[in-house]
Amino acid sequence: MKLHCKKIVALLLAMVMILTVLPTMAFATDGKNDIVVLYTNDVHCGVDAGTPEGTMGYANLAAYKKSLQATYGEDNVILVDAGDAIQGEAIGTLSKGSYLVDIMNKVGYDYATFGNHEFDYGMDVALSLLEKSNATYLSCNFMDLRTNKAVAKAYEVRDVGGVKIGFVGISTPETFSKSTPTYFQDETGKYIYGFCEGNNGADLYKAVQAAIDGAKADGAQYIVAIAHLGIDEQSQPWTSREVIANTTGLDVVLDGHSHSTIAGEKVAGKDGKEVLLTSTGTKLNNIGKLTIAADGKMMTELVKGVTDVDAETDTFIKDIQKQYEALLNEVIGHTDVDLTTKDEDGNRAIRNQETNLGDLCADAYRVVLGADIAFVNGGGVRADIPAGDITYAQVIAVHPFGNMACVVEATGQEIIDALEMASRSFPGENGGFLQVSGLKYTINPYVESTVKLDDKGMFVEVTGERRVGNVKVLQADGTYAPIDLKATYKLASHNYMLKSGGDGINMFMDNKVLQDEVMIDNQVLISYIQDVLKGNVGKEYSDIYGEGRIIVMPFPFTDVAPDAWYFDGVAVAYLVGLVAGTSDTTFSPNKNLTRAEAAALLYRLIGQPSIGQLEGDLLNVELSDVEADQYYAPAVEFFTACGVISGYPDGTFRPNGFVTRQDLASMIFRLNLVLGLPYDGATETLSAKDWNQVHNYAKPAMAWAVRNQIMSGMSTEELILNPTGNTQRCQAVYMLINFALYIAENAPEVPETVASIASVQ
């Protein structure tokens, strides 16, 4: 069944981002001796202004820097970057980051730190930054484990007009799982590089403290951290806030990694002293400006909308772009629909829910490589493609990492472990969230994740209840069947995930490789569009929320397991407002259905019509125990008037009485006749083992319900109807869902609830 994530997420998520936008330490100064530190983070190859709309480019940054140098003096303006600069768009992919180094050198960066994406083109490229970049790369916790020494400088103290500022670099230990883990290993799989990731954050805090102490010992009066840590929950225990809280001596942290926009936030250090935390967002949406006044007071602010352009830098960038412009503008196909990573409100969605572009990318891997199942990590799908012609540049922007397509053998158990690992942060974002092809699965966010990770963020095991369930694999006939945990499947993805344990998904690293790095990731997508879709992405991908492969459990019912046979039915019925729980956290699927509940359910199903909409003779029935203010009263009044439900001879309805299976079949059957839907009058006898227990009044209804697949038997070996047994709530939902589909197929016009149910089938 297809559940639109838009509706589900609206039920699940109500999150508000609170950003501190006021200057953190206001001060008065004539500015003559102020020191300005400009800072950027997570630029991700955003070299041009206006992409996305409202962003600036490096030529604007260069112009702004020069204007400040004219005001404060050339030596009093310092430019730093907090990581993830060289990857993100075609200009980075085609040059393995070297074009970005050239541009940053032209702008005149003084210091930078390693973000996780500085490693995306391999360790050799990352280490080359220490030589090719004019900026000094700093990282106090990027270690060569063979020598137990830092790869780069931990800090540098800079004398600015007699004021000594210590710049400390910090790189996230998440680099292991958010770049390619094998880049940090030798040929035997042993880690030879590390990021002080151990002891639940303590090793990182110790490395940062040592750098702070070292800078102070070298005379630093102020300590400014250039950090790629972020504030996301999934980055714990290595977030910038946690580093501040566990160290002393920091004055300012210029942060990156989580793409957060923080003008200035005060965070208490270990000694209680307030430390400024700030971050510019991403793609040069803002330029960060830290001002250190002559009296030592500090202020951070985010500068937007710089329109001045440094002509020399602009020309330099355009000359680089011309070198690959012709190739990038080549049209490789067309799409009739917008292919997106976002929800309808423009918020990034691909890292915590299904999208149509996620489906397309996963389909490309599965179909092009001839696999049973395909995975694509949400963090590996980086840009949208609007309806119209598709260019090579757009495809590279979608898959900018240059990962290589692979196929491995994987067991069902490994596959569900990967899904559990990828869904551990839901509803929070996770770059490892899996878009899938050839597979469907359900996430229950009300189950706490029990995924256990090692100190490098790699999967170890699931220690308790799973939040992922109802995993089904696509069959040759187009249907889906439950995954076999012991069976072996052909799994397609890329080397980052399958061979290198990217995003911590390491359960496939030792598996048999069936196809080894046969095609670059963006070429997989191009081949699928050109060769399989014949050059055009059509209406099958029109829903921005995808095909319904990833179903988020839309209710907090702890007693409805994702792998229960009735889960899909209860999910749909709850989503469209047909059923409710018996409490805030229970549905009571095995509880007997009451007459009041049966009437209310059927009434909601057909849109709660008025008696005035009925045609023909109506029955005038008065029932002494149906109060007008009860939720079921309108339903009872309607259905007794048209004969779908009857009262007892004593003039009562008995709303709390239970409904047998033959009673519910009879109610549905009579409603079918009232709606004027097909009935051929057949009165055949079913070959049910307990057919003789069916009362004569119910036999036509039971036969009709079984024949039209509205009701099924109680056994898989022989037909047992249990007609006099009470109907459980889960059975009632099953029958009503099937009846809704019957109505949708046979009625010229259908009620809204029925249409909603049919739309998610």
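1. Let's start at V694, which touches Q662, K699, M702, L721 and P723, leaving out residues up to four places away in sequence. Contact here means heavy atoms within 4.5 Å. You'll find V694 in the loop between helix 19 (661-674) and helix 20 (699-707). Helices (H or I, at least four residues) and strands (E, at least two) are DSSP runs, numbered from the N terminus.

2. A word on the ground rules. This is a predicted model, where local features need pLDDT of at least 70 and side-chain atom pairs count only at pLDDT 80 or more, while totals for chains, interfaces and linings use all residues. Residues are numbered from 1 along each chain as its sequence is written, and side-chain values use heavy atoms, with hydrogens and water left out.

3. Is V694 buried or exposed? V694 is buried, because its relative accessible area is 4%. The terms work like this: buried is under 20% relative accessible area, exposed is over 50%, and partly exposed is in between (1.4 Å probe, protein chains only). One of its contacts is L721; V694 and L721 are 27 residues apart in sequence, and their C-alpha atoms are 8.6 Å apart in space.

4. Now over to A62, which sits in helix 2. A62 has 2% relative accessibility, so it counts as buried. Setting aside neighbours within four places in sequence, A62 contacts V107, D310 and T313. If you want a sense of the distance to another part of the chain, A62 and A701 are 639 residues apart along the chain, with 79 Å between their C-alpha atoms.

5. Helix 2 (residues 58-72) and helix 4 (residues 98-107) deserve a look as a pair. Two packed helices are described by the angle between their axes and the distance between the axes. The axes of helix 2 and helix 4 come within 9 Å and cross at roughly 20°. Axes are lines fitted to C-alpha atoms, for helices over the stretch in contact, and angles run from 0 to 180 degrees between N-to-C directions. Helix 2 and helix 4 are therefore roughly parallel to each other (under 35 degrees is roughly parallel, over 145 roughly antiparallel, 65 to 115 roughly perpendicular, and the rest oblique).

6. Which residues make that helix 2 to helix 4 contact? On the helix 2 side they are Y58, L61, A62 and K65, and these meet L100, I103, M104 and V107 in helix 4. By class, this contact has seven nonpolar, no polar and one charged residues. Ala, Val, Leu, Ile, Met, Phe, Trp, Tyr, Cys and Pro count as nonpolar, Asp, Glu, Lys and Arg as charged, and the others, Gly among them, as polar.

7. Helix 4 has Y99, L100, V101, I103, M104 and V107 buried. Their cover includes helix 2, strand 2 (77-81), helix 3 (90-95), helix 5 (123-132) and helix 9 (311-322). Just after helix 4, check G108: it takes a positive phi of about 100°.

8. Strand 8 (residues 163-171) is largely enclosed by the rest of the structure, because seven of its nine residues are buried. Strand 7 (residues 155-160) runs antiparallel to strand 8, and six bridges join the two. Strands count as paired if DSSP finds at least two bridges between them. D159 stands opposite K164 in strand 8, and E156 has F167 as its bridge partner there. The hairpin of strand 7 and strand 8 has two residues between the strands, and G161 takes a positive phi near 60° in it. Strand 8 also pairs with strand 10 (residues 222-228), in the parallel sense over seven bridges; S171 stands opposite H228 in strand 10.

9. Then there's an open sheet of five strands in the order 20-17-26-19-27, with mixed pairing. Its edge strands are strand 20 (434-437) and strand 27 (513-515), each pairing on one side only. From one strand to the next, the twist averages 30°. Inside the order, strand 17 (residues 373-377) and strand 26 (residues 488-494) run parallel, joined by two bridges, and I373 stands opposite L491 in strand 26. Helix 13 packs on the sheet, touching strand 17, strand 19 (405-411), strand 20 and strand 26, and its direction makes about 110° with that of strand 19.

10. Last point: helix 13 (residues 412-422) is mostly covered, with 10 of its 11 residues buried.
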